[in-house]
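Welcome! Have a look at the sequence and the 3D view, and then follow the topics one by one.

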Amino acid sequence: MPKTIIVSNRLPVKIKETDSEYQLVPSEGGLATGLGTVYKQNGNVWIGWPGQVIEPDKTEQVTSQLKELSLLPVYLTQEDISEFYEGFSNDVLWPVFHYYASTYTTYNPSHWEYYKSVNQKFKDVILENLEDGDTVWIHDYQLLLLPALIRQVRADVSIGFFLHIPFPSHEMFRLIPWRNELLEGMLGADLIGFHTFDDVRHFLSSVSRLLPVPISSNIITSGERTIVVESFPMGIDEKKYSGLPQTSEVKEQALQIQDIFIDNKIILSVDRLDYSKGILQRLQAFELLLNDHPEYIGKVTLYMVVVPSRDTVASYAYLRDQIDKKVGNVNARYRTIDWTPITYYYRSLPIEMLSALYSTADVCLVNPMRDGMNLVSKEYVASRTNNDGVLVLSEMAGASKELIDALIVNPNNVTQVKDAIIEALNMPLAEQQRRMSQMRQLVAKFNVKHWVHIFMERLQEVKLMQRSMQTRHVHSVTAKSIINRYRGTSKRIIFLDYDGTLVGFKANVNQASPDAELYHLLTQLSSDPHNQVVIISGRKHDNLGDWFGDKNIYLVAEHGAWFKEQGSDWHKINGLSTAWKKDLYSIFEKYVDRTPGSFIEEKTYSLAWHYRKAEAGLGELRANELMNTLKFLATDKGLQLLPGDKVVEVKNMEINKGKAALSLVEQTDYDFIMALGDDFTDEDLFKALPDSAITIKVGTGASLAKFFVRNPTEVRGILASLGESVPVS
Ligand code: GDG
């Protein structure tokens with residue numbers, strides 16, 4: 001039975017060393033709990049680093065101990081840890097992805113080398129355990145290269161990737177010297193998940209600017225595969241957090257806390273030691289509160305739990321010192337004989353104590369400068385089984401997109417954070433309950449199991465989508481059946497679009513002239529007396545005439561406004577209005593003036609605004625703007641808007657490739673009709689042709705065509721096979 005392989009940098013286990021023996025303690029973090037249902041059953045496994053360097057003579061023992069928990073280890077050396085983990089992952093990717101690049105980042109090539117080699121180590125362990133039909137789900141920023149490394153060896157495997165931290169804007173991401181390799185690594189996955197829609201947007205924008213891959217809304221096409229990019233906000237084990245406050249142990253600890261802080265309101269904060277969590281800014285806001293509002297002295301306590309993390313990295317050690325100083329400072333300045341402003345723990349607390357704090361604290365203050373999601377905010381909400389308590393939440397945390405009933409603050413605005421604390425401390429109970437009950441419902445529904453379920457379900461759907469694409473793809477078997485049909489027929493008509501179909505797109509429209517191979521293919525095909533080859537294009541008639549006027553090919557130009565039979569002159573459709581062109585030309589000109597690199601092309605019955613050479617992103621923005629401006633005008637004047645590949649074209653509604661093709665098809669009793677095209681205008685063609693026609697879209701976007709090929713090279717392959725096939729006797 002196929003299994004699921006979870007992969008993350010750390011295994012969900014802690015190793016304790018006692019009397020030179022290793023003892024394994026499963027660590028039930030959010031991810032481990034969520035995936036617990038997945039990885040402990042049906043032969044599913046979790047692959048990762050066990051969290052510390054294991055002596056070579058002990059690895060066998062540790063491996064077998066881990067195996068009992070369905071865990072498979074990737075052993076790392078001390079150098080791996082300091083270069084790959086502390087160096088590249090935590091000193092390059094973490095700061096850049098959290099917008100701390102300038103202060104904290106050094107781009108050391110040796111770190112990068114280790115990052116690559118450790119990703120290879122993970123790949124090796126995965127491949128040793130990967131069987132046909134297995135699904136691989138890779139987690140987080142330490143393993144960005146891994147999806148492509150697996151894909152290179154196992155093209156067909158189903159791979160999901162989830163990033164737990166924010167994906168930064170392209171302006172930040174582009175700073176990394178190895179940015180393209182990182183994106184290419186991620187694109188090895190079939191489904192790429194982020195916590196929020198903003199992360200999705202940023203990722204797609206980086207891919208579109210850095211890699212030559214087509215993107216259509218949230219779908220990327222990379223070589224043979226379509227990759228889906230989506231947001232899946234992670235949830236928590238809600239049942240666990242809402243259940244804990246009911247247990248006697250937690251109740252007892254909660255009573256103790258209440259006893260200690262009897263006349264005090266508690267403001268709770270819980271985070272790992274990290275500069276992205278806004279710990280110093282929180283202390284500043286609290287200091288401001290005591291300074292500006294002395295009435296709170298002796299009445300509120302900031303209960304701050306900071307979990308030790310990465311303090312071997314210099315910037316973290318420095319941050320820890322800063323926090324120690326600031327806490328000491330505030331406590332020294334404001335403390336009274338029976339009250340200390342800040343209760344500060346630099347250690348990890350047992351979950352029961354954490355739960356007692358969550359269920360007792362009047363306010364939970366979560367003010368990260370950046371956070372992928374932030375599970376602490378959700379854990380606080382789930383623990384408030386009485387529906388009271390107030391959450392103050394940074395707008396920079398992914399969770400703020402869901403927990404909209406929190407008091408949302410900008411963590412850089414210390415005054416606003418201080419004011420939000422005051423509002424929280426004074427919020428009427430009814431208002432607390434209104435907000436909290438809304439948030440509790442949300443946290444209960446979108447829990448971690450739900451998150452795992454919808455991610456895995458979507459991954460399956462993506463795989464099915466890829467497979468159905470494969471069946472529509474003209475591969476060798478389909479090509480054979482097309483050729484067989486071709487051979488058995490004697491009155492054939494073949495419609496070929498030009499740009500994007502017979503040739504790829506060029507930066508300059510005039511550079512896309514036919515090459516020797518194309519001329520050869522067309523000559524071969526059109527020399528068969530049973531064939532009528534038609535080039536049907538949006539290009540100007542004189543342009544097509546220059547290239548193919550002397551060939552045995554029927555030409556249809558400007559989407560069906562001009563026709564030229566072999567050996568005859570051009571004739572155009574007459575009697576259509578062109579008065580509209582003057583008005584629209586002046587609108588187009590405004591866009592040319594505002595968009596460097598764009599230009600207008602005028603045809604008999606159409607106007608086109610090209611933006612292929614405009615700045616990436618700006619062209620698309622202006623094109624949308626132009627389309628919106630023209631939308632109503634076009635309907636009034638009987639015009640059709642054609643959004644094309646880096647072009648917006650407006651033409652008379654009466655003219656379209658479908659009508660033009662039908663007028664030819666109806667002239668003779670053809671027994672073989674085929675059409676190939678790549679863009680919007682070719683859909684008219686596919687729609688108009690009879691059911692028996694073989695319609696082929698070039699590209700993987702949505703289409704009415706029965707089949708598709710990926711690019712002009714594949715088109716040429718089909719034409720070559722037809723041209724070479726033996727003519728009917
Ligand atoms: C990354 C992203 C994203 C904390 N102190 C104690 C303790 N904790 C537990 C909390 C919570 C977890 O640690 C922290 O999770 P966060 O989500 O807040 O933050 P990161 O560790 O930075 O996680 C983050 C997350 O991945 C998931 O995708 O949300 O944005 O940075 O579960 O409860 N647990 C115990 N004692 C403590 O003292 N037992």
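This is a predicted model: local features need pLDDT of at least 70, side-chain atom pairs count only at pLDDT 80 or more; totals for chains, interfaces and linings use all residues.

The chain is divided into four stretches called domain 1, domain 2, domain 3 and domain 4, and its largest nonpolar core has 101 residues.

**Overall layout**

- Domain 1 covers residues 4–231, and domain 2 covers residues 238–446.
- Domain 3 is written in two pieces, 473–573 and 655–724, while domain 4 takes in residues 580–652.
- How far apart are the centres of domain 2 and domain 3? Taken over C-alpha atoms, these two centres are separated by 66 Å.

**The nonpolar cores**

- As background, nonpolar side chains in soluble globular proteins tend to be buried together.
- In the largest nonpolar core, the residues with the most contacts inside it are Val-7, Phe-97, Leu-182, Ile-192 and Phe-203.
- Helix α3, residues 78–97, supplies the largest share of this core, namely nine residues.
- Domain 1 and domain 2 each give at least three residues to this core.
- Which residues does Phe-97 touch, once those up to four places away in sequence are left out? They are Leu-144, Leu-163, Ile-165, Pro-166, Phe-167, Pro-168, Phe-173 and Ile-176.

- Nine strands make up an open sheet with mixed pairing. To trace the sheet on screen, follow the order β5-β4-β1-β6-β7-β8-β11-β10-β9.
- The edge strands are β5 (71–73) and β9 (215–216), and each of them pairs on one side only.
- Strands of a sheet pair through backbone hydrogen bonds, and the pairing can be parallel or antiparallel.
- Strand β8 (residues 191–194) pairs with strand β11 (residues 225–231) in the parallel sense, over four bridges.
- Along this pairing, Ile-192 stands opposite Val-229 of β11, and Phe-194 has Ser-231 of β11 as its bridge partner.
- Do β10 and β11 run parallel or antiparallel? They run antiparallel, and four bridges join them.
- In β11, Val-228 is the bridge partner of Ile-219.
- Six of the seven residues of β11 are buried, so this strand is largely enclosed by the rest of the structure.

**Helix α9**

- Helix α9 has 14 residues and reaches 20 Å from its first C-alpha to its last. That is close to the 20 Å expected at 1.5 Å a residue.
- Which residues of α9 are buried? They are Asp-199, Val-200, His-202, Phe-203, Leu-204, Ser-206, Val-207 and Leu-210.
- The cover over these buried residues includes the helices α7 (170–173) and α8 (179–186). It also includes the strands β8, β9, β10 (219–222) and β11.

**Charged pairs**

- The count of salt bridges comes to 38.
- One of the salt bridges brings together the side chains of Lys-3 and Glu-131, at 2.8 Å from N to O. Lys-3 lies in the segment before β1 (4–10) and Glu-131 in the loop between α5 (109–129) and β6 (135–139), so the pair ties together parts that are 128 residues apart in sequence.
- Is Lys-3 buried or exposed? Lys-3 counts as buried, because its relative accessibility is 10% and the cut-off for buried is under 20%.
- Within helix α9 (residues 197–210), Asp-198 and Arg-201 sit three residues apart, about one turn of the helix. Their side chains meet in a salt bridge of 3.0 Å, N to O.
- Asp-198 is partly exposed at 27%, and Arg-201 is partly exposed at 42%.
- Arg-458 and Glu-461 form a salt bridge of 2.8 Å, N to O. They are three residues apart in helix α18 (residues 448–472), which means that about one helical turn separates them.
- Arg-458 is partly exposed at 22% relative accessibility, and Glu-461 is partly exposed at 38%.
- Salt bridges that share partners also join Arg-151, Asp-190, Arg-225 and Lys-463 into one network.

Note on methods. Residues are numbered from 1 along each chain as its sequence is written. Side-chain values use heavy atoms; hydrogens and water are left out. Domain bounds come from an automatic or database domain assignment. A nonpolar core is a set of buried Ala, Val, Leu, Ile, Met, Phe, Trp, Tyr and Cys residues joined through side-chain atoms within 4.5 Å. Buried means under 20% relative accessible area, exposed over 50%, partly exposed in between (1.4 Å probe, protein chains only). Helices (H or I, at least four residues) and strands (E, at least two) are DSSP runs, numbered from the N terminus. Contact means heavy atoms within 4.5 Å. A salt bridge is a side-chain nitrogen of Lys or Arg within 4 Å of a carboxyl oxygen of Asp or Glu. Two strands pair if DSSP finds at least two bridges between them. The expected span of a helix is 1.5 Å times one less than its number of residues.
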